[in-house]
Amino acid sequence: MITFYDLARQGPQMTWSPNPFKTRFALNYKKLPYRTVNLELSELESEFKKIGIPPGTTWPDGRPKYTSPSIFDDSTNTGVSDSYQIAQYLDQSYPDTPKLFPPGTEALQAAFYAQFEQLRTPTFPFLVPTFFEIMNPPSLDYYKQISVERDGMPLEDYAPKGEEQVEAWKKVEASYNTLYGWLSQSKGPYFMGDTITFADFAVGGMIYAVEVCIGKDSKEFNDLMTWNNGRWAEFRKSLERYA
């Protein structure tokens, strides 16, 4: 059994952060049995040290940073952090399941993912302010602290306002225009053609995070669903069965 460590939230429990969405998509796509454990941000380090899951990355000062998503696979006694590394592990450990990195796409997907990390950045000023309503107090207190340490500003200052908000949303649209330009080069509904790959789940994670965090009735989500002639609405629906 694989244990998938997602982030806790207020209200009905479901994946809400874009990175855990990628791993949930991957596990469901591969039809691998798993159970979900929801943790507060403040619980990740102590829990993962106890289980044997390595840090996903490091803080700017070099300290280990423990992150969600992470998994622990009982069948191999292996802990893995970071959605990209988890996807690679699942392909290697379960070769008879559908591939997230079909042979021949590995290098292209690595390049795609590196660029995508930059393209998704404009969305965060709109996502982060919603954490006040999503996170439980322990996670919110933790995130407030690290936001000051990491970005040098309090969580309350993330949200763009007035004309700044209009311009910031234009940058989000520009990112999706770039993605649409890449997607349009494909001869299928997905970035690598007719076959779903990890690249699709990376983009899908951001779309679903906007829907869950900002709200499906929000102007932002409805804008996103109309951009590029409704292509992202189609893309989102095609991934629904794996969400």
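The dialogue below goes through helices, pockets, a cavity and some backbone features of a predicted model.

Student: What should I know before reading the values?

Tutor: This is a predicted model, in which local features need pLDDT of at least 70 and side-chain atom pairs count only at pLDDT 80 or more, while totals for chains, interfaces and linings use all residues. Residues are numbered from 1 along each chain as its sequence is written, and side-chain values use heavy atoms, with hydrogens and water left out.

Student: How far apart are the end C-alpha atoms of helix 4?

Tutor: Helices (H or I, at least four residues) and strands (E, at least two) are DSSP runs, numbered from the N terminus. The expected span of a helix is 1.5 Å times one less than its number of residues. Helix 4 covers residues 106-119, and its 14 residues should span 20 Å; the end C-alpha atoms are 20 Å apart, which agrees.

Student: Which residues of helix 4 are buried?

Tutor: Buried means under 20% relative accessible area, exposed over 50%, and partly exposed in between (1.4 Å probe, protein chains only). In helix 4 the buried residues are Q109, F112, Y113, F116 and L119. Seen down the axis of helix 4, they fall within an arc of 115° (taken from the directions from the helix axis to the C-beta atoms), so they line one face of the helix. A107 and Q118 are exposed on the other side of helix 4.

Student: What do the buried residues of helix 4 pack against?

Tutor: Contact means heavy atoms within 4.5 Å. The partners of the buried residues in helix 4 are helix 1 (18-30), helix 3 (83-93), helix 8 and helix 9.

Student: How far apart are the end C-alpha atoms of helix 10?

Tutor: Helix 10 (residues 219-238) has 20 residues, yet its end C-alpha atoms are only 22 Å apart, short of the 28 Å that a straight helix would reach at 1.5 Å a residue.

Student: Where is the kink in helix 10 centred?

Tutor: The bend at a residue is the angle between axes fitted to the seven residues ending there and the seven starting there. In helix 10 there is a kink of about 125°, centred on N229. Buried residues of helix 10 include F221, L224, W227, N228, W232 and F235. Their cover includes helix 5 (124-127), helix 8 (163-183) and helix 9 (198-214).

Student: What is the phi of N228?

Tutor: Most residues other than glycine have a negative phi, and most peptide bonds are trans. N228, in helix 10, has a phi near 50°, a positive value in a residue other than glycine. N228 is buried, with a relative accessible area of 15%.

Student: Where does D82 lie?

Tutor: D82 is in the loop between strand 6 (78-81) and helix 3. This residue is not a glycine, but D82 has a positive phi of about 80°. At 25% relative accessibility, D82 counts as partly exposed.

Student: Is the peptide bond from S68 to P69 cis or trans?

Tutor: The bond from S68 to P69 is cis, with omega near 15°. P69 sits in the loop between strand 4 and strand 5 (70-73).

Student: What is the volume of the largest cavity?

Tutor: On a 1 Å grid over the protein atoms alone, a cavity is a set of points where a 1.4 Å probe fits but cannot get out; a pocket is an open set with protein on both sides within 12 Å along at least five of seven lines; lining residues have an atom within 4 Å of a point. Grid points are joined across faces, edges and corners, and a volume is the space filled by probe spheres set on the points. The structure holds one cavity of 30 Å³ or more, and the largest cavity has a volume of about 30 Å³. Its lining is F116, L119, R120, T123, S175, Y176, L179 and M206. Helix 4 and helix 8 each give two or more residues to that lining, and helix 8 has the largest share, three residues.

Student: Which residues lie nearest the centre of the second largest pocket?

Tutor: Of the 14 residues that line the second largest pocket, E45, W59, R63, Y142 and I146 lie nearest its centre. Helix 2 (44-51), strand 4 (64-65) and helix 7 (137-151) are the elements that give two or more residues to this lining. Helix 7 gives the largest share, four residues. The space in the second largest pocket is about 150 Å³.
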